[in-house]
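I opened the file to look up one residue and then the whole chain. My entries follow.

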Amino acid sequence: TVEDGARASVNVKTGCAHHGIFDDEGITGEVGADLTPESCARIGAAAGGVFEEGRIGVGCDGSVAGASLKNAAAAGILSAGAEVCDFDGGFEALFNFALRFFGLDMGIFVRMSGSRAVLVLTGKNGLGTGRSTERKIEAAVSTGDIRRCAAGGYREPLIMPGIKAFYNSELLKAAPDGFGTPIMVKSPNREIQKLLTQVLHDCGCHKSEDDKTGVIRLHIDASGGQASFFCEDGNYITPAQTLALGCVAAFENGEDVAVPYDAPGVIDDLAANFGRSALRYLECPADDSDKKARSLAAKQTWVRDGLENALRVLSYAKSHGKTLVELNRMVPQFAVTVKAVNCNINPGLLLRNLAKDVPSQPSEGVVLRREKGRVLISPLKRGTGLRIVAEAMNMEAAGELCADMEREVREGTQTIDKSGNKS
């Protein structure tokens with residue numbers, strides 16, 4: 001399959017040729033068809049050409065296929081004359097910590113999902129790359145105009161096996177000094193589960209291997225980016241609510257926070273209650289309009305690290321003599337539903353039509369207020385549709401709000417023809 005506007009620079013037997021290689025996850029594709037060691041080497045070489053005098057980190061999820069694609073990307077980076085720091089296998093939160101800890105210019109992390117691979121390209125301090133960087137990489141990959149260094153320009157790759165020890169030390173700094181209630185860690189990523197269980201043990205927290213009542217069950221997703229809790233009484237604290245609790249700890253400590261542009265709107269309300277500010281940074285900024293937010297975000301790694309934020313929340317509860325149940329009452333109850341909606345017209349035209357009465361704002365989408373709650377609508381990177389993030393008082397209301405917004409999107413699609421004129 002070759003999309004409109006795409007350039008097929010090689011013989012496409014299987015897979016797809018896209019007009020842009022980036023989607024909302026990163027660079028994704030079927031291994032052996034869309035993503036091969038050859039294509040990963042080209043992507044690495046393109047990134048190395050952008051940062052030819054810089055240092056680029058590479059890492060993977062520890063899978064055999066992920067390691068092969070990671071090594072291919074590293075070879076491409078070296079071929080362009082840039083320096084490679086190889087962090088081998090791990091998880092994304094650890095990798096992003098490494099990028100910030102060593103002050104690297106960029107990172108490429110490879111993770112597998114079944115037979116598909118995702119190359120996540122990350123900028124300085126573990127934050128998203130700017131759109132200008134993505135365009136340069138896309139242009140180099142599509143045109144083949146890739147910098148190649150002479151034999152004397154190759155650098156020795158730096159193997160960084162000790163990063164986990166530094167990361168472990170940082171987690172211990174955030175951890176509580178003991179915790180009365182037993183804590184059981186669960187994660188689909190066994191490395192995360194083992195590491196966080198050991199950290200809790202080292203800081204004197206009781207742990208439980210059995211699923212019994214009266215314990216706190218701490219869940220971390222496979223990337224390490226999000227945390228959630230089952231409280232002592234069995235109530236569930238979602239990842240979005242856990243992030244809000246981390247923000248409460250920062251606000252009470254007299255700090256402002258920087259959160260992603262699609263973080264829950266309730267965080268803004270909490271900031272106002274404490275007399276603080278919640279700044280929002282963009283995932284892929286086209287300019288420096290979010291410069292202040294990104295500068296603050298570089299220092300607040302816990303916003304993007306579920307392990308660190310979970311430990312901060314537990315530490316906050318311990319220092320204030322509260323249970324998680326009591327702590328959760330400090331945050332207004334809310335729920336978030338996310339859905340991608342495909343459309344057969346330019347999503348930018350549809351977005352402008354939906355937000356015609358909304359003041360322009362420096363974000364990757366527009367925020368609409370509805371009776372049931374708040375909706376963030378943003379275009380998908382591939383230009384195939386819109387992403388809806390609906391936030392309301394509970395999951396039922398959030399689901400209804402998301403469905404209402406989806407109907408508005410589909411109705412808007414029917415009233416705008418492909419040339420952008422209303423029918």
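**Entry 1: one residue**

I looked up Thr197 and found it buried, at a relative accessible area of 16%; buried means under 20% (1.4 Å probe, protein chains only). This is a predicted model, in which local features need pLDDT of at least 70 and side-chain atom pairs count only at pLDDT 80 or more, while totals for chains, interfaces and linings use all residues. Residues are numbered from 1 along each chain as its sequence is written, and side-chain values use heavy atoms, with hydrogens and water left out.

I placed Thr197 in helix 6, residues 190–202. The side chain of Thr197 reaches the backbone oxygen of Gln193 at 2.7 Å.

**Entry 2: the whole protein**

I noted 13 helices and 17 strands (DSSP runs: H or I of at least four residues for helices, E of at least two for strands). The radius of gyration is 22 Å, close to the 22 Å from the globule rule for 423 residues, so the protein is as compact as a globular protein of that length. That radius is taken over C-alpha atoms, and the rule is 2.2 Å times the number of residues to the power 0.38. Along the principal axes, the C-alpha atoms fill a box of roughly 60 × 60 × 35 Å.

I read that buried residues make up 51% of the 423. Of contacts (heavy atoms within 4.5 Å) between residues at least 6 apart in sequence, 66% join residues at least 24 apart.

Notes:
Buried means under 20% relative accessible area, exposed over 50%, partly exposed in between (1.4 Å probe, protein chains only). A polar contact is a pair of N or O atoms within 3.5 Å; within protein, one must be able to donate a hydrogen and the other to accept it, and residues adjacent in sequence count only if both atoms are side-chain atoms.
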